[in-house]
Amino acid sequence: MSVEDIVREAAEKIVTMEVRGAARIAKFAAETLKKFAEELRVSDPKEFDEKMRWAAETLLNTRPTAVSLYNAINYVMSYSGESVEDKKNSIFERAERFVEWVKNAHRNIGEFGAKRIKKNSVVMTHCNSSAALSVIKEAYRQGKVEMVFATESRPRRQGFLTVKELTSEGIPTTLIVDSAVRYFMSEIDCVVVGADTITANGALINKIGTSQIALAAKEARVPFMVAAETYKFSPKTLFGELVVIEERSADEVAPPEILSLKGLTVRNPAFDVTPREYIDVIVTEIGAIPPEMAYLIIRERLGYAFREAGEISLSPKHFD
Ligand code: RUB
């Protein structure tokens, strides 16, 4: 196995969704860059930088939508140092700091988010979000959650992961198909979802179907909470860049006998956009904010995080 295979294999795991979810892929990318740097036997600093850049771009070109991946990679790649050894140490430190960021963020988000959940609540969630589950689990620990409705989340059924996780903690859970969301909305007290990306204007990009849930929630006047670490906010959207919505293979949607039907087209977008008007609150690790404040998070929080060592701006190649 060559040292490059560390990166190739990691990239493959993200593409095939063996590692999935915006926080997990971000953490995994940071850990992979660290491991790659650790194993790289190169003495020329310039060559080292080139190899690191190749690794960063390979990881970045796996899935286009979750900005957490871009932010994680940029954070680690903003390393400093003149010698290879110094560069490596800076990478180790930054990767470890990013991983800590992920872990601590979940703790705070759980705590802040749980405060917004009232006693005896029935909560609905979609897909499988570690941030949203932090909120739900903490609220349950505080005795506030009576029942969680979890959507199946077709086509990949991440809802199964969610119901496994919730039931393993003893949380009363109801699994529903995605199309049953509006049917049950009148029984729901609060919707909590995660985020793949939050744009500068406060829109949420999350698992396909999220915007329909937000629509049904607004109609029924059910509060809609987004649990999102600050590394889910997109600095790129500040400069007008649009979020690329990943479209995945038709195989995920239907079996071969359907896919072979003459004249049939299958579309499989993995994410959708929920405008900020549908969002009551975004719970981040530094506080619960209205979506209108997304711009400030990007400027004050992320600007600072990347300014520390000067941002290296990477653009994914095949998504442009
Ligand atoms: C996962 C998804 C999740 C967000 C947030 O999509 O949309 O809601 O990534 O998750 P996929 P987390 O399964 O296609 O990766 O809070 O864990 O980052």
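**Around the ligand**

Author: An oxygen atom of the ligand is 2.8 Å from an N or O atom in the side chain of R63, which falls under polar contacts (pairs of N or O atoms within 3.5 Å). This is a predicted model, in which local features need pLDDT of at least 70 and side-chain atom pairs count only at pLDDT 80 or more, while totals for chains, interfaces and linings use all residues. Residues are numbered from 1 along each chain as its sequence is written, and side-chain values use heavy atoms, with hydrogens and water left out.

R20 also has a polar side-chain atom 2.5 Å from an oxygen atom of the ligand. A131 takes part through its backbone, where an N or O atom lies 3.1 Å from a ligand oxygen. On its own the ligand has 460 Å² of accessible area, and the protein covers 100% of it (Shrake-Rupley method, 1.4 Å probe).

The shell around the ligand has 18 residues, and R20, A23, S130, N206 and K207 come nearest (a residue counts as near if one of its heavy atoms lies within 4 Å). By type, the shell divides into seven nonpolar, six polar and five charged residues (Ala, Val, Leu, Ile, Met, Phe, Trp, Tyr, Cys and Pro are nonpolar, Asp, Glu, Lys and Arg charged, and the others, Gly among them, polar). Domain 1 (3-107) and domain 2 (109-244 + 270-319) each give at least three residues to this shell, with bounds from an automatic or database domain assignment.

Terms used: A polar contact is a pair of N or O atoms within 3.5 Å; within protein, one must be able to donate a hydrogen and the other to accept it, and residues adjacent in sequence count only if both atoms are side-chain atoms.
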